[in-house]
Amino acid sequence: MTVLTPLPDAPARLARLEREAAHQSALSAGDGRPWVGARDGVRPVVIVGAGQAGLVLARGLRRRGIDDVVVLDAAPAGAAGPWTTYARMHTLRTPKDIAWPTWGTPAVSPRAWFEAVYGTAAWEQIEYFPTTAWQGFLQWYREVSAITVVPATHVTAITPTDGPLDLALEGPDGTWTLSAHHVVLATGIEGAGGRSIPSLLHDLPADRVRHTHDDIDFAALAGLRIGILGAGTGAFDNAATALEHGAALVDVHMRRAAMPQVSPYRWMEFAGLIENYGTFTDAQKWAFNVHLSAVDQPATQNALWRAHAFDTFRFLTSSPWQGVEWTGSDIAVTTPHGIHHYDVVLAATGIASDLARRPELARVAADAVLWSERLTPEAAAQNPGLAAFPYLDDDFGLVDRAGGEALSRIHMFNHGARISQGMLSHQIPGLVGGATKLAAALSRRLFARDSASLLAEYLAYDVPVGVQIGRRAQPAAAEAPTAVASSG
């Protein structure tokens, strides 16, 4: 793992970068006049989630003159996003040269921050952004963007009314209600459902099963035998983390015969797709995602090397779990190659889309259209898990099967947008397209809501600009110096 050390003068370099960011913002922001804000206690937009997607969108809305945006996060202050919890990799999975929505201010890009803190030589040496550095960048980005986050606050329900959406909140100070015209759920990979744990693990003792997204006490796994079902990057990062904490052995089991060698995600990372994915027909979007799930992607090289560094690690291919049994003292896992015994098993089996599992969406889940309702039964049967994803409109909004409008103001800027708006729309490589599109959509819809009052304001506008008729006023002539009389 590359260990980065900030330059001795990093604080001064960051201070210069922040001055440059302020200068660039002034150059590109016009008059920056806010034109829409809270009205009668109703916020124009509430963003749920202060990770990268939520922060980028918040800055973009401000740059568009949308004021009084509230950003909430369930995590404690400074811990938003997965970087202090289940993201156990040492580096990001996307290459360092990612496009980033700077909103006209390149000085707030990840590269500008990295070079200010670690130097240009360090930038040239890395291939992927280290996760600790990424978290540091996001914290700086929030501060330099003056985005206030309400931490440790859970949205327990979203209730549509005849007017705004009411959010029931629960935080350190108790419960309260916040009303907003639009709600953006920037809630990451679990934002449309939750963790997927195969049914064959359900009957095991609860303390013997973990999902890789869980808050795992790895120190407690020291000396134990660990079996991991699934072979994505997270499986190898969790295996390595367990071994680094003293696990006796770790096996990663993969159903496939070999690790995929092609990553479709690398193909996706071009502006044409990121900006225009939404122009695909429904049939094309479905085919795109069915193929992606079928071919999958390889685990990252760093994660593979990190796990294989231990002699007590094994990677077992063609090894689906055919049966799992609690013996009374350990877990017996039956595979085509024999029976393996473990003390604890980890499910590296991803997430499942199920809106009803999300507290904030439980009241509207039954009304939201799913992809299964827009497909033929034969097409849906190709991948029932994908068919359970929400069907979104072009503004990332839920679609009400009864034709109501309120659900369209709940915007899924999270993994729920996978099929409708593109796999990358809310992820780091796609934020430049997704955040830009959503910010523009929110601006358009708020303008349409306020169009009558804005027109009235325009028609009544009577602030004089001070035009004067006649010749340009000339500066007063300099008074001639007073002659000094000679005394001779």
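A residue counts as buried when its relative accessible area is under 20%, and as exposed when that area is over 50%. The model described here is predicted.

**Helix α3**

By that cut-off, helix α3 is mostly covered, with 8 of its 9 residues buried. The buried residues are P110, A112, W113, F114, E115, A116, V117 and Y118. Their cover includes helices α1, α4 and α5 as well as strand β4. Just after α3 comes G119, which has a positive phi of about 100°.

The elements named around α3 have these residue ranges:

| Element | Residues |
|---|---|
| α1 | 10-28 |
| α3 | 110-118 |
| α4 | 120-125 |
| β4 | 128-130 |
| α5 | 131-144 |

**Packing of α3 against α5**

The axes of α3 and α5 come within 10 Å and cross at roughly 110°. Angles of 65 to 115 degrees count as roughly perpendicular, and the two helices are therefore roughly perpendicular to each other. On the α3 side, the residues in contact are P110, W113, F114 and Y118. They meet A133, W134, G136, F137 and W140 of α5. P110, W113, F114 and Y118 also belong to the buried residues of α3.

Helix α15 covers residues 451-459 and contains Y458. Y458 has a relative accessible area of 61%. Because exposed means over 50%, Y458 is exposed. Together with L455 and L459, Y458 forms a nonpolar patch on the surface. The accessible area of these three residues together is about 380 Å².

Terms used:
Residues are numbered from 1 along each chain as its sequence is written. This is a predicted model: local features need pLDDT of at least 70, side-chain atom pairs count only at pLDDT 80 or more; totals for chains, interfaces and linings use all residues. Side-chain values use heavy atoms; hydrogens and water are left out. Patches are made of residues with over 30% relative accessible area and no salt bridge: like charges are joined within 9 Å, nonpolar side chains (Val, Leu, Ile, Met, Phe, Trp, Tyr) within 5 Å. Accessible areas come from the Shrake-Rupley method with a 1.4 Å probe; for residues, only the protein chains shown count as cover. A salt bridge is a side-chain nitrogen of Lys or Arg within 4 Å of a carboxyl oxygen of Asp or Glu. Helices (H or I, at least four residues) and strands (E, at least two) are DSSP runs, numbered from the N terminus. Buried means under 20% relative accessible area, exposed over 50%, partly exposed in between (1.4 Å probe, protein chains only). Axes are lines fitted to C-alpha atoms, for helices over the stretch in contact, and angles run from 0 to 180 degrees between N-to-C directions. Angles under 35 degrees count as roughly parallel, over 145 as roughly antiparallel, 65 to 115 as roughly perpendicular and the rest as oblique. Contact means heavy atoms within 4.5 Å.
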